[in-house]
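Subject: Structure handover

Dear colleague,

Here is the structure we talked about handing over. My notes on it follow below.

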Amino acid sequence: MTFHGWCCRIFGIRVVVRGTMETSRPTLFVANHCSYSDIMVLGSVITGSFVAKAEVASWPFFGLLAKLQNTVFIERTGIRAREQRDGMVQRLAAGDNLILFPEGTSDDGNRVLPFKSALFSVAQHPLANGKTVKIQPISIAYTQLDGIPTGRALKPYFAWYGDMELPSHIWELAGLGLITVELIFHPPVTMSEFGSRKALSAHCHETVSAGVAAANAGWPGVPTEGLSSHVVLDTGGGDAT
């Protein structure tokens, strides 16, 4: 968390948390995915390991960082997919929190792509220690640049997706200014409330999408009772409003 917090400071990222993060273990945190910077933002707040596609392990520098954080590398298809899902179950049974991006890729931050439900199956398996896996949806939204609300035109400066070149994007991000990122922690749920991974996935997608849309729109007309707000990492932007 300290490392990711310093990375956020270097890039001028101010993290604002809305809602309450689940503190019981194990928890499967489920979030939308905009950019590599999501790793820094979530990693500065959550004590847990990420779930990443297998090829990330071979990336220069980032692959090493991922391994140092005990990232779970998975192949979403192929003969090893079930074995790797079993590995996730073992990590959860050991009390580890996991952070999953069920879109399977990053996008521009204006919308949330459909969730792939396969990995939600890890919450179906009863854990040997008798504990229940909590699933907490999280919405990530890059909402301000130097205190000014961001619109669709500015999203590509924060988001990394498609065929964007990584080195040039990192260089641009580092020189943008003060970036405000909102993390909206929605109420946690369990598999037993939905009965199937597809129903659970659909609920998480709907919840995360609504949070992203509300944050991008500046929360007009959105009830915020019970949704507390506080700055957890301030790189010079003052208090949350």
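A nonpolar core here is a set of buried Ala, Val, Leu, Ile, Met, Phe, Trp, Tyr and Cys residues joined through side-chain atoms within 4.5 Å. Please keep in mind that this is a predicted model.

**Cores**

The largest nonpolar core has 29 residues. Within this core, Ile13, Leu42 and Leu183 touch the most other members. Two or more residues each come from helix H1 (2–10), strand S1 (13–19), strand S2 (27–31), helix H2 (37–43), strand S6 (134–145) and strand S8 (179–185). Another core lies apart from it and has 25 residues, including Val30, Val189, Leu200 and Val212.

**Overall**

The protein chain has seven helices and nine strands. It runs to 241 residues, and 48% of them count as buried. Take the contacts between residues at least 6 apart in sequence: 77% of these join residues at least 24 apart. The accessible surface is about 11,500 Å², with 57% of that belonging to carbon and sulfur atoms.

**Helix H1**

Buried residues in H1 are His4, Gly5, Cys7 and Cys8. They sit on the same side of H1, because their arc around the axis is only 160 degrees. Thr2, Trp6 and Ile10 are exposed on the other side of H1.

**Helix H7**

H7 covers residues 197–216, 20 residues in total. From its first C-alpha to its last, H7 reaches 28 Å, close to the 28 Å expected at 1.5 Å a residue. Its buried residues are Leu200, Ser201, Cys204, Thr207, Val208, Gly211, Val212, Ala214 and Ala215. What do the buried residues of H7 pack against? They pack against S2, S6 and S8. Glycine 218 follows H7, and its phi is positive, near 80 degrees.

**Aromatic pairs**

There are two aromatic pairs. Phenylalanine 29 and phenylalanine 185 are edge-to-face, at 6.4 Å centre to centre and 90 degrees between the planes. Phenylalanine 29 is in strand S2 and phenylalanine 185 in strand S8, so this pair ties together parts 156 residues apart in sequence. Phenylalanine 29 counts as buried, at 1% relative accessibility. Phenylalanine 185 is buried too, with a relative accessible area of 2%.

Phenylalanine 50 and phenylalanine 101 form a stacked pair, at 6.1 Å centre to centre and 20 degrees between the planes. This pair also links distant parts of the chain, 51 residues apart. Phenylalanine 50 lies in strand S3 (residues 49–53), while phenylalanine 101 is in the loop between strand S5 (98–100) and S6. Phenylalanine 50 has a relative accessible area of 3% and is buried. Phenylalanine 101 is buried at 7%.

**Backbone points to check by eye**

- Arginine 25 and proline 26 are joined by a cis peptide bond, with omega about 0 degrees. Proline 26 is in the loop between S1 and S2.
- Asparagine 70 is not a glycine, yet has a positive phi of about 60 degrees. It lies in the loop between helix H3 (62–68) and strand S4 (72–74). Asparagine 70 counts as partly exposed because its relative accessibility is 49%, and exposed means over 50%.
- Aspartate 146 is not a glycine either, and its phi is positive at about 55 degrees. Aspartate 146 sits in the loop between S6 and strand S7 (148–149).

Best wishes

Key
Residues numbered from 1 in each chain as written. Predicted model: local features only at pLDDT ≥ 70, side-chain atom pairs only at ≥ 80, totals over all residues. Heavy atoms only, no water. Buried < 20%, exposed > 50% of the residue type's maximum accessible area, 1.4 Å probe, protein only. Helix = DSSP H or I, 4+ residues; strand = E, 2+ residues; numbered from the N terminus. Expected span 1.5 Å × (residues − 1). Contact = heavy atoms within 4.5 Å. Arc of directions from axis to C-beta. Areas by Shrake-Rupley, 256 points an atom, 1.4 Å probe, with all protein chains shown as cover. Phe/Tyr/Trp six-rings, centres within 6.5 Å; stacked < 30°, edge-to-face > 60°.
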